[in-house]
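These are my notes from going through one structure. I wrote down what I looked up, in the order I looked it up.

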Amino acid sequence: MTSSSIAETIENEDERFMQRALALAQETAALASPNPQVGCVLVRNGSIIAEGAHRYAACDHAEIVALKQAGEAVRGATAYVTLEPCAHHGRTGPCADALIARGIRRVVVATEDPNPLVSGQGLAKLRAAGIEVATGILAQPARELNDAFAHFIQHRTPFVTLKAALSADGYLAPPPVARAAAEPHWITGPESRAEVQRLRHASDAILTGIGTILADDPALTDRIGLPRRRPLVRVVLDTQLRTPPGSQLIATAMHDVLILTSSAARPEEIRKLREAGAEVAVISADTGHLNLQEILRTLAARDILSILLEAGTHLNAAFLREDLVGKVILFRSTTELGPGSVPFAEEITPQSIEQRLTRTTRTQYGQDTCTTGYLHSPWP
């Protein structure tokens with residue numbers, strides 16, 4: 001076998017085992033936050049001998065879970081890890097030290113730690129101990145799993161993903177006069193709506209405005225059926241506090257509904273909503289609108305790293321104008337709604353946003369097309 005064919009075999013093997021590590025990490029959606037999603041696979045003589053993933057409540061990082069499972073068989077093995085092993089003390093000891101102590105021969109890492117203060121230190125510690133280190137294997141999918149963590153660890157604010165379902169001609173909904181009050185109007189098909197549930201499940205919070213609550217009466221719940229460590233926080237921006245106590249949102253509240261309002265809210269309305277099970281917090285408002293930067297700081301203080309913005313034309317525009325959106329996901333149906341329908345964002349077309357996106361991908365869900373891309377990369 002030539003040296004080039006040997007290198008190709010090793011590369012293919014590295015990708016195969018890293019794919020398994022990524023699958024383990026993906027299974028921890030809604031279980032790892034506020035820590036990153038990480039998977040680890042230990043391989044010896046071409047076979048998996050142990051594997052693990054990080055779940056916040058269990059404390060142990062993915063590497064430690066796998067090392068405990070492997071026992072003495074780990075000496076001389078290769079470790080495949082989706083994120084650089086840590087080199088610092090947190091709730092647990094450094095994973096890099098544990099890999100060294102257990103006699104790991106080689107470590108394959110998908111991507112470095114996004115924290116600029118510690119990035120590369122785990123890799124340096126492994127190399128200093130004489131361990132062979134390879135990086136960059138399936139780096140992009142590993143990073144996408146932890147976009148929110150990467151953004152938060154640098155900026156200490158949640159990563160905002162704007163999701164919208166649009167007609168073929170770029171509208172959110174038919175004209176208000178053509179719709180029944182408090183009734184949703186489905187533009188996209190069941191396949192797209194199933195994907196939205198997956199997006200909700202992978203998020204710490206879903207955020208919308210009072211206009212959407214009054215127009216659609218949505219529940220905004222995570223209905224995918226998979227376990228969560230923390231409930232999906234349903235956040236409503238409601239300056240005048242008009243959220244109906246009889247809405248689906250309030251009827252399903254179980255300490256997971258947060259309504260952010262202003263000093264204009266009447267104490268009696270605050271009391272009613274709190275008694276119905278919602279949390280109401282008063283924050284500052286600028287010219288009649290809640291301060292979006294303060295909103296993000298308020299949510300960050302609750303260890304909310306990722307926000308799925310499912311809002312209407314006014315709130316979409318506000319977040320875009322203040323440059324607070326990191327990622328955009330646009331589902332487009334084949335149905336046209338025509339002039340006079342509800343726009344995607346006030347004075348901002350979906351086409352103008354799509355032109356600014358980087359790392360764009362397009363996926364088909366039934367008859368709908370989904371465009372995904374970034375306005376700001378969360379990674380350093």
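**Entry 1**

I began with strand 10 (residues 257–261) and strand 11, which pair in the parallel sense over 4 bridges. I looked up the partner of Leu258 and found that its bridge partner in strand 11 is Glu279. I note here that the model is a predicted one.

I found an open sheet of 9 strands, in the order 11-10-9-8-14-6-15-18-17, with mixed pairing. Strand 11 (279–282) and strand 17 are the edge strands, and each of them pairs on one side only. From one strand to the next, the twist averages 20°. As a reminder to myself, strands of a sheet pair through backbone hydrogen bonds, and they do so either parallel or antiparallel.

**Entry 1: the other end of that sheet**

I then looked at strand 17 (residues 358–365) and strand 18 (residues 368–374), which pair in the antiparallel sense over 6 bridges. Thr361 stands opposite Thr372 in strand 18. The two strands make a hairpin with 2 residues between them, and in this hairpin Gly366 takes a positive phi near 60°.

I looked up which strands helix 7 and helix 11 lie across. Helix 7 lies across strand 6, strand 8 (205–209), strand 14, strand 15, strand 17 and strand 18, and runs at about 160° to strand 15. Helix 11 lies across strand 6, strand 8, strand 9 (233–237), strand 10 and strand 14, and runs at about 160° to strand 9.

Is Glu191 buried, partly exposed or exposed? The residue is found in helix 7. Its relative accessibility is 40%, so I put Glu191 down as partly exposed, since that class lies between 20% and 50%. Not counting residues up to four places away in sequence, Glu191 touches Tyr365 and Gly366. Gly366 is the hairpin residue with the positive phi. I also checked Glu191 against Gln367: they are 176 residues apart along the chain, but their C-alpha atoms are separated by 8.5 Å.

Thr188 is found in the loop between strand 7 (171–173) and helix 7 (190–201). Its relative accessible area is 9%, so Thr188 counts as buried, the limit being under 20%. Which residues is Thr188 in contact with, leaving aside its neighbours within four places in sequence? I listed Ala165, Arg193, Phe331, Ser333 and Asp368.

**Entry 2: helix 6**

How many of the 9 residues of helix 6 are buried? I found 7, in a helix that spans residues 147–155 and is mostly covered. The buried residues are Asp147, Ala148, Phe149, Ala150, His151, Phe152 and Ile153. They pack against helix 5 (139–145), strand 6 (159–166), helix 11 (292–300), strand 14 (306–309), strand 15 (327–332) and strand 18. After helix 6 comes Arg156, whose phi is positive, near 60°.

I found another open sheet, made of 5 strands in the order 2-1-3-4-5, with mixed pairing. Its edge strands are strand 2 (47–53) and strand 5 (132–135), each pairing on one side only. The twist in this sheet averages 15° from one strand to the next.

Within this sheet I looked up strand 1 (residues 39–44) and strand 3 (residues 78–83), which pair in the antiparallel sense over 4 bridges. Val41 stands opposite Tyr80 in strand 3. Helix 2 (residues 62–70) packs on the sheet and touches strand 1, strand 2 and strand 3, with its direction at about 135° to that of strand 2. Helix 4 (residues 121–128) also packs on the sheet, touching strand 4 (106–111) and strand 5, and its direction makes about 150° with that of strand 5.

**Entry 3: spaces in the protein**

A search of the whole structure gave me 1 cavity of 30 Å³ or more. The volume of the largest cavity is about 40 Å³. Its lining is Glu84, Pro85, Cys86, Ala87, His88, Asp113, Val118, Gln121 and Gly122, which I sorted into 4 nonpolar, 3 polar and 2 charged.

I also looked up the second largest pocket, which has a volume of about 1100 Å³. It is lined by 47 residues, and Glu144, Leu145, Arg198, Ala202 and Lys327 lie nearest its centre. The lining divides into 25 nonpolar, 14 polar and 8 charged residues.

Key
Residues are numbered from 1 along each chain as its sequence is written. This is a predicted model: local features need pLDDT of at least 70, side-chain atom pairs count only at pLDDT 80 or more; totals for chains, interfaces and linings use all residues. Side-chain values use heavy atoms; hydrogens and water are left out. Two strands pair if DSSP finds at least two bridges between them. On a 1 Å grid over the protein atoms alone, a cavity is a set of points where a 1.4 Å probe fits but cannot get out, and a pocket is an open set with protein on both sides within 12 Å along at least five of seven lines; lining residues have an atom within 4 Å of a point. Grid points are joined across faces, edges and corners, and a volume is the space filled by probe spheres set on the points. Ala, Val, Leu, Ile, Met, Phe, Trp, Tyr, Cys and Pro count as nonpolar, Asp, Glu, Lys and Arg as charged, and the others, Gly among them, as polar. Buried means under 20% relative accessible area, exposed over 50%, partly exposed in between (1.4 Å probe, protein chains only). Contact means heavy atoms within 4.5 Å. Axes are lines fitted to C-alpha atoms, for helices over the stretch in contact, and angles run from 0 to 180 degrees between N-to-C directions.
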